[in-house]
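Let's take a friendly walk through the pockets and helix packing of a protein model. Have a look at the picture first, then read on.

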Amino acid sequence: MHPSSSGHRLTNPSLGCAPVDIEFHGKASHAASAPEQGINALDALIQVYNGINALRQHLPTDVRIHGIITHGGDAPNIVPEYAAAKFYLRAATAPVLEEVWQKVERIVEGAALMTGAKGSMKPSQNRVENTILTPKFDAVYRRRMEELLAETGSSEKVEDSAEKAGGSSDVGNVSQVIPTIQPTIRISKVPVRGHSEEFKAASCSALGLASIGLGAKALALTGLDLLTDPQLLADIKADHADALVRQASAAKQH
């Protein structure tokens with residue numbers, strides 16, 4: 001389960017994500033008395049930052065790139081000999097994500113050639129895969145959750161999956177191997193931004209705390225259905241296998 005302020009919802013699609021560390025090593029020198037003897041690593045990194053900004057207008061709508069500079073030098077009067085940044089490269093499918101990786105990698109190489117600094121781009125952690133949706137699995141969860149909501153006197157329904165992918169989750173890695181769901185559960189009656197102080201407060205609210213028990217019951221009953229109905233489990237596995245075939249076919253066409 002994943003907490004949400006937008007209501008109860010089936011498993012949403014998610015973007016694959018490749019977190020990367022980008023670093024440049026230059027040569028320190030006094031910025032006023034001997035600038036010509038230095039190689040500015042920060043200049044190289046800024047070229048990468050700007051290059052990625054220029055790249056955005058030529059990327060598919062399902063691609064997201066965002067990053068921060070984590071080190072830009074030590075003192076204004078010293079040519080920075082080291083600069084570093086962290087970026088997240090995201091895309092809806094693995095083939096597109098790999099293309100984005102290669103494009104950003106070429107930007108890093110170009111910045112190194114332009115400035116004379118030595119650049120590198122490497123994974124900062126394991127790559128996160130996009131989520132494979134298994135509608136028949138989600139359908140079991142929807143039935144069980146709506147039964148529980150009805151028992152509490154609530155008229156709420158479980159909404160369909162979002163049309164577009166938003167963030168990323170390592171649940172996607174699991175979904176590439178076995179049928180997986182990650183539905184969302186309401187923790188607030190008013191919209192709040194994810195990863196914010198307001199979202200944290202909503203998680204600790206009465207509704208947020210109550211969602212823990214409600215979500216646990218819905219998942220437990222969903223699991224019980226799979227354990228006690230072999231045909232249902234087989235159908236869900238077949239649905240998942242079909243989804244994997246469709247993804248592979250789309251990747252070949254791409």
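Which element gives the largest share of the lining of the second largest pocket? That element is H7, with five residues. This is a predicted model, in which local features need pLDDT of at least 70 and side-chain atom pairs count only at pLDDT 80 or more, while totals for chains, interfaces and linings use all residues. Residues are numbered from 1 along each chain as its sequence is written, and side-chain values use heavy atoms, leaving out hydrogens and water.

**Two pockets**

A pocket here is an open set of points on a 1 Å grid over the protein atoms alone, where a 1.4 Å probe fits, with protein on both sides within 12 Å along at least five of seven lines; lining residues have an atom within 4 Å of a point. Its volume is the space filled by probe spheres set on the points.

| Pocket | Volume | Lining |
|---|---|---|
| Largest pocket | about 770 Å³ | 23 residues |
| Second largest pocket | about 370 Å³ | 18 residues |

In the largest pocket, His 2, Asn 12, Gly 166, Gly 167 and Thr 184 lie nearest the centre. Strand E1 (residues 2-4) supplies the largest share of this lining, three residues. Strands are DSSP runs of E with at least two residues, and helices are runs of H or I with at least four. The lining of the largest pocket has six nonpolar, 15 polar and two charged residues. Here Asp, Glu, Lys and Arg count as charged, Ala, Val, Leu, Ile, Met, Phe, Trp, Tyr, Cys and Pro as nonpolar, and the others as polar.

Around the second largest pocket, the residues nearest the centre are Ala 92, Thr 93, Asn 130, Ile 132 and Gln 247. Helix H2 (94-115) and helix H7 (230-253) each give two or more residues to the lining. By class, this lining has eleven nonpolar, six polar and one charged.

**A pair of packed helices**

Two packed helices are described by the angle between their axes and the distance between the axes. Helix H1 (residues 41-55) packs against H2 at about 140 degrees, with the axes 9 Å apart. Axes are lines fitted to C-alpha atoms over the stretch in contact, and angles run from 0 to 180 degrees between N-to-C directions.

In their contact (heavy atoms within 4.5 Å), the H1 residues include Val 48 and Ile 52, and the H2 residues include Val 104 and Ile 107. The residues of this contact divide into nine nonpolar, three polar and two charged.
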